[in-house]
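My notes follow the order in which I checked them.

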Amino acid sequence: MELLEREQSLTDLTRWLEAAAGGGCIALVSGEAGIGKTSLLQEFSKRQRQARVLWGACDALFTPRPLAPLYDIARQTQGVLLAAMDSGATRDQIFTAALDELERRAASLVVFEDVHWADEATLDLLKFLGRRIQRTRAMLAITYRDDEVGSRHPLRFVIGDFPRASTHRTPLLPLSRPAVEQLARQAGRPLKDLYGITGGNPLFVTEALAGAADTVPVTVRDAVLARAARLSPAAREIAELVSVIPGKTEVWLLEQAHCLDEAGIEGCLSIGMVRGEDGSLAFRHELARRAFGDSLSQARQQGLHVRVLSILAQRPGTPLARLAHHADGAGSARDVLRFAPLAGSNAAAIGAHCEAAAHYRVALRRADGLAPRERALLEEQYSYECYLTDQGEQAIEARRSSLELWRAAGDRLREGDTLRWLSRLSWFVGRRTEADRYAAEAIAALESLPPGPELAMAYSNRSQLDMLAHDVAPAIEWAQRTIKLAEALGRSDILSHALNNLGSARLIADEPGGRDDLERSLQIALAGDFQEHAARAYTNLASMSVSLRDYARSARYLCDGIAYCDDHDLDAWRLYMLSWRARARFEQVEWDRAGEDAEAVLRDPRTAPISRVTALTVLGHMRIRRGDPDSRSPLEEARALVSDIRETQRIAPLASAFADAAWLVADREGVVREVQAAYELSREQRDPWGKGMLAIWLWRAGSLQQIPTDIALPYVLEIAHDWQGAARAWKDLGCPYERANMLAWYGGEAEQREALAMFEQMGATPAAQALRKQMRARGVQGIPRGSRTSTRLDPHGLTRREVEILSLLSEGLRNAAIAKRLFLSTKTVDHHVSAILTKLGVPSRAEAVAMARKLPG
């Protein structure tokens, strides 16, 4: 079919590839299934005379083969990249070889096709290459179905990680009615209502025009099956075999399946199937393959999978994921258990942990006949991969299953280690009571056996739980027991873990040596390449510095730690650190940047509850202080998540946010109600900053019965009525909002005017309004009226949030999608959109989007 209405896209691709000579770029080609993404890039590839073209496609297997498109590309480049992939190199080595391949050569067009099916390792590769693309002279062209990549699809976050200046987009739209009519005339098939039924989808149009009927089929499936009805028995046999094989069917496979019949193949080509230069056969589009395959009976599909598997299993080098795919399709438990665990192990080795979990899950569905020990080990492998991919509930369920099996087998060592894992996993999903119970049971089980690394990790897990709850004395005691045992065992990884707990606990209690312990933990982890321990050390060094309001030090640790996690694809730890960076920026009144960090954490579907709590608290508290709508929704979600977490470091900031909201509307009873229970918890722990954060609210509300002595200096000074000293302390720490509060609440007219100017500059509308009211009550004259900082951003009077929503409207998002993106209720977005239309003086969203181009920035 002639390529119509794609000249602008071809022109754009040409311009971007030419510009890549001065630094590589990324081209995102998106659109619905059948819209012509592949056809566009094939045509663009044919036009290249100077650039090298490399092409890789993602598999449509039940569980995608890790790095499938890179294997395609490696076979085209040969050399170092292919050698690395064939020799079992590590993922880091493979990624480096891929980057080297692009850096060494002149202009290259590198296509990654159908990335909506990409495995986790391929997505990590794209993220790795995308961040470094400017070092190459390549254009990375990525195709995906945008209607299958929702707001929480992993690909969305990879795209969000790409450098904006180097990333271009060419979304493909359906063909217009004139274009469809032109194709119908060229085919001599002017079918009635062809455009109305097909919607201008090029694949649907092509299939409809190729059919024999005088009417337009209702669906693509109907069109495909109508064409297939013309197949001879020999051709149909071939088409049915090819329909159960994603991608292409190699010529040797056709031959061994006794389907290398040239007349039959010609019949397949007559219905739109395609033959590669190497003799392989495939359906023109995955939609067509699935439509044809789904029309077969289940028994027929299984029989075809059995036939294909019998051939592939005899061929050396067949990818394990491909074997597992056909074993599952064949419904063979024996073959699934033979290939799926191996495929899972292979996927995990190169970082495709989502795919590894999927392979283990398939194996467990067929594992009824396994021996108990083998079943327990398989459950543990599945649990670990779920843990790495933030599938917490699934990880717990699998560990519980393995626990029952180990107990039934009388394996006390495995039982104890599984209990320790259940403790860790329970904490990750926010179930503190269960975490404590499992931790105690793990120690009891393992202390009945000779000391070993399992017992050392159980001790360290107990120390970690106490440290996280800021229960300092037992945290230090358990850490010291762990260190003694780890050193006796020669286990530097466990030593690093325990030193992390010890250092954090000492910092919480303001004891000397805490930071030195944490630094030593980090150095041991880096030297031993204990990546998770290193990420945890960076995290605790950073989060403790934020908790102590040591923002300069925390910025350094956060910068280094986030970079380390980026380099090693430790996304769970990166998200956790991002949430703490959001808190640090919020406290320093870098509110826009704090909001960006918090929303990045919350957008990611893999974010663990423990990371969401901090991000939600920051987002809600920031909205309170800026006077933005819908401040309670994120705070209420955070409150639900911490319902079983007895940790002051998470509960205190959340209670403080609720108290701040009550204080701003002069609801002193509300302040006490929000803070009292959290304060009682903090009294059991040594945490000067967390306890002080709560005590000060009770004192301000006139409800603090006993003045605590072990709280941080700014709170001590305020309670001692030294508000000038407290203001200076907050200024020295870099917390302008708290300093402004001291001036506003306790100062004279001069100090209040200074505070008012500070609130205005920050965009703290509610505090500024409350202060004006207070000043008027005191008889102050000539109070500046002021205006919202966010309103001054735009000549039309749009607030910061309204500008943000207008930008998302320009991207074509509906209100519900915007609400999900910004963590607002749909009703709140509705109100914002109405306000935007009113302020711009336009009747429709479309006209508002048209005016958006005239706004600043």
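**Ground rules.** I am working from a predicted model, in which local features need pLDDT of at least 70 and side-chain atom pairs count only at pLDDT 80 or more, while totals for chains, interfaces and linings use all residues. Residues are numbered from 1 along each chain as its sequence is written, and side-chain values use heavy atoms, with hydrogens and water left out.

**Helix pairs.** I took helices (H or I, at least four residues) and strands (E, at least two) as DSSP runs, numbered from the N terminus. Two packed helices are described by the angle between their axes and the distance between the axes. The axes are lines fitted to C-alpha atoms, for helices over the stretch in contact, and the angles run from 0 to 180 degrees between N-to-C directions.

I began with helix α4 (residues 79-86) and helix α5 (residues 91-104), whose axes lie 9 Å apart at an angle of about 170°. α4 and α5 are therefore roughly antiparallel, a term for angles over 145 degrees, with under 35 counted as roughly parallel, 65 to 115 as roughly perpendicular and the rest as oblique. In contact (heavy atoms within 4.5 Å) are Val-80, Leu-81, Ala-84 and Met-85 of α4 with Ile-94, Ala-97, Ala-98 and Arg-104 of α5. By class I read seven nonpolar, no polar and one charged for α4 with α5, where Ala, Val, Leu, Ile, Met, Phe, Trp, Tyr, Cys and Pro count as nonpolar, Asp, Glu, Lys and Arg as charged, and the others, Gly among them, as polar.

Next I looked at helix α18 (residues 333-349) and helix α19 (residues 353-365), which pack at about 165° with axes 8 Å apart. Their crossing is left-handed, meaning that the near helix is turned anticlockwise from the far one by less than a right angle, clockwise being right-handed. The residues that meet include Val-336 and Leu-337 in α18 and His-353 and Tyr-360 in α19. The contact of α18 with α19 divides into 11 nonpolar, four polar and one charged.

For helix α20 (residues 372-388) and helix α21 (residues 392-409), I found axes that come within 8 Å and cross at roughly 160°, again with a left-handed crossing. Among the contact residues are Cys-386 and Tyr-387 of α20 and Leu-405 and Trp-406 of α21. The classes for α20 with α21 are 11 nonpolar, four polar and five charged.

**A buried stretch.** I then listed the buried residues (under 20% relative accessible area; exposed is over 50%, partly exposed in between; 1.4 Å probe, protein chains only) of helix α15 (residues 286-294), which are Glu-286, Ala-288, Arg-289, Ala-291, Phe-292 and Gly-293. What covers them includes α11 (220-228), α12 (233-243) and α16 (298-312).

**Cysteines.** With a disulfide taken as a pair of cysteine sulfur atoms within 2.5 Å, I count zero disulfides. For Cys-58, the nearest cysteine sulfur, that of Cys-354, is 14 Å away, and Cys-58 is buried at a relative accessible area of 7%. The sulfur of Cys-386 is 9.1 Å from that of Cys-354, its closest, which is too far for a bond, and Cys-386 is buried at 0% relative accessibility.

**Backbone angles.** Most residues other than glycine have a negative phi. Leu-67 has a positive phi of about 60°, sits in the loop between β2 (52-57) and α3 (68-77), and is buried at 0% relative accessibility. His-721 has a positive phi of about 65° in the loop between α37 (713-719) and α38 (723-733), but is exposed at 62% relative accessibility.
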